Amino acid sequence: METLLKTTSLIQRAYWLIALRWVAIGALVIATLMASQIMGVSLPVSSLYAIAVLLLAYNFILYDLLKYWTWGERRPSETRIERILTFQICADLFILTTILHFSGGIENPFSSFFAFHMILGSVLCSRRQSYLQATLAVILFGGLIVLEAVGGLMHYALDGFAGHGLYRDWTYILGVLFVFTATLYLLVYMTTSISEQLRRQQASYEAANV
């Protein structure tokens with residue numbers, strides 16, 4: 001019974017991530033439209049809209065797969081659901097990095113959105129997986145800004161919004177990367193600590209009820 005309840009909870013978390021992604025897709029489209037049409041910011045809008053379409057298709061596929069695996073009385077194993085959660089979070093980190101690449105890279109303040117993924121991962125996954133996801137985020141964002149700085153990737157400047165040349169200022173790059181890394185790891189440490197404490201309290205309450 002306990003295993004069934006835990007599996008059901010994990011399935012609900014997987015659906016929750018999918019629901020949040022619908023909101024993220026809408027936010028991406030609206031932000032791109034407002035920045036390009038209202039604020040006059042120079043953006044590769046066709047690339048950003050293409051990412052939104054691919055993200056929409058990806059979310060539909062995830063939703064259909066989850067529906068198939070949980071159809072009727074089916075209950076996928078706890079391990080499979082945990083893998084689905086981990087895959088979703090890691091894939092979202094890659095997608096966010098791609099969006100940032102086409103919208104200013106290090107000059108885009110939405111790089112702070114990596115923090116939301118760290119909080120979600122720390123609540124939904126184990127401590128070890130949360131730190132691995134933080135490491136992946138640092139590698140992805142760090143790789144992006146370094147490659148843009150050295151010319152390995154094209155930099156899409158936010159003309160009309162951010163100052164020019166920041167993406168090649170190594171003092172700025174190293175400073176941002178240090179703060180970014182410290183913030184993510186501190187978030188994971190604090191969130192996993194609180195989550196584990198709450199889980200222990202819940203377990204003690206359930207044992208007391210039994």
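The buried residues of helix H4 are Phe-114, Ala-115, His-117, Met-118, Leu-120, Gly-121, Ser-122 and Leu-124. Buried means under 20% relative accessible area, exposed over 50%, partly exposed in between, with a 1.4 Å probe and protein chains only. H4 is mostly covered, with eight of its eleven residues buried. The model is predicted: local features need pLDDT of at least 70, side-chain atom pairs count only at pLDDT 80 or more, and totals for chains, interfaces and linings use all residues. Residues are numbered from 1 along each chain as its sequence is written, and side-chain values use heavy atoms, with hydrogens and water left out.

**Overall fold**

- The protein has six helices and zero strands. Helices (H or I, at least four residues) and strands (E, at least two) are DSSP runs, numbered from the N terminus.
- The elements run α-α-α-α-α-α from the N terminus on.
- The C-alpha trace spans about 65 × 35 × 30 Å along its principal axes.
- Of the 210 residues in the protein, 39% are buried.
- Take the contacts between residues at least 6 apart in sequence: 78% of them join residues at least 24 apart. Contact means heavy atoms within 4.5 Å.

**Nonpolar cores**

- The largest nonpolar core has 21 residues. A nonpolar core is a set of buried Ala, Val, Leu, Ile, Met, Phe, Trp, Tyr and Cys residues joined through side-chain atoms within 4.5 Å.
- Leu-93, Phe-114, Met-118, Phe-141 and Leu-184 have the most contacts inside this core.
- H5 gives the most, with nine residues.
- Another core, of 18 residues, lies apart from the largest one; Ile-25, Leu-66, Leu-120 and Leu-124 are among its members.
- In soluble globular proteins, nonpolar side chains tend to be buried together.
- Phe-114 is in contact with Leu-93, Leu-96, Thr-97, Leu-100, Ala-137, Phe-141, Phe-180 and Leu-184, leaving aside neighbours within four places in sequence.

**H4 against H5**

- H4 and H5 pack at an angle of about 165 degrees, with their axes 9 Å apart. Axes are lines fitted to C-alpha atoms, for helices over the stretch in contact, and angles run from 0 to 180 degrees between N-to-C directions.
- The two helices, H4 and H5, are therefore roughly antiparallel. Angles under 35 degrees count as roughly parallel, over 145 as roughly antiparallel, 65 to 115 as roughly perpendicular and the rest as oblique.
- From H4, Phe-114, Met-118, Gly-121 and Ser-122 meet Ser-130, Gln-133, Ala-134, Ala-137 and Phe-141 in H5.
- This contact of H4 with H5 holds five nonpolar, four polar and no charged residues. Ala, Val, Leu, Ile, Met, Phe, Trp, Tyr, Cys and Pro count as nonpolar, Asp, Glu, Lys and Arg as charged, and the others, Gly among them, as polar.

**H3 against H4**

- The axes of H3 and H4 come within 11 Å and cross at roughly 175 degrees. That makes H3 roughly antiparallel to H4.
- Leu-85, Ile-89, Asp-92, Leu-93, Leu-96, Thr-97 and Leu-100 in H3 meet Phe-114, His-117, Met-118, Gly-121 and Leu-124 in H4.
- By class, the contact of H3 with H4 has eight nonpolar, three polar and one charged residues.

**H2 against H3**

- Helix H2 (residues 45-69) and H3 have axes that come within 12 Å and cross at roughly 175 degrees. H2 and H3 are therefore roughly antiparallel to each other.
- Residues of H2 in this contact include Leu-48, Leu-55 and Trp-69, and those of H3 include Ile-81, Phe-87 and Ile-99.
- The contact of H2 with H3 has 13 nonpolar, two polar and two charged residues.

**Single residues**

- Leu-48 lies in H2 and is buried, with a relative accessible area of 3%.
- The C-alpha atoms of Leu-48 and Ala-24 are separated by 13 Å, and the two residues are 24 apart along the chain.
- Thr-32 sits in helix H1 (residues 2-38) and is buried, with a relative accessible area of 4%.
- Beyond residues up to four places away in sequence, Thr-32 touches Leu-43, Val-45, Leu-48 and Tyr-49.
- Thr-171 lies in H6 and is exposed, with a relative accessible area of 67%.
- Thr-171 and Asp-159 are twelve residues apart along the chain, and their C-alpha atoms are separated by 22 Å.
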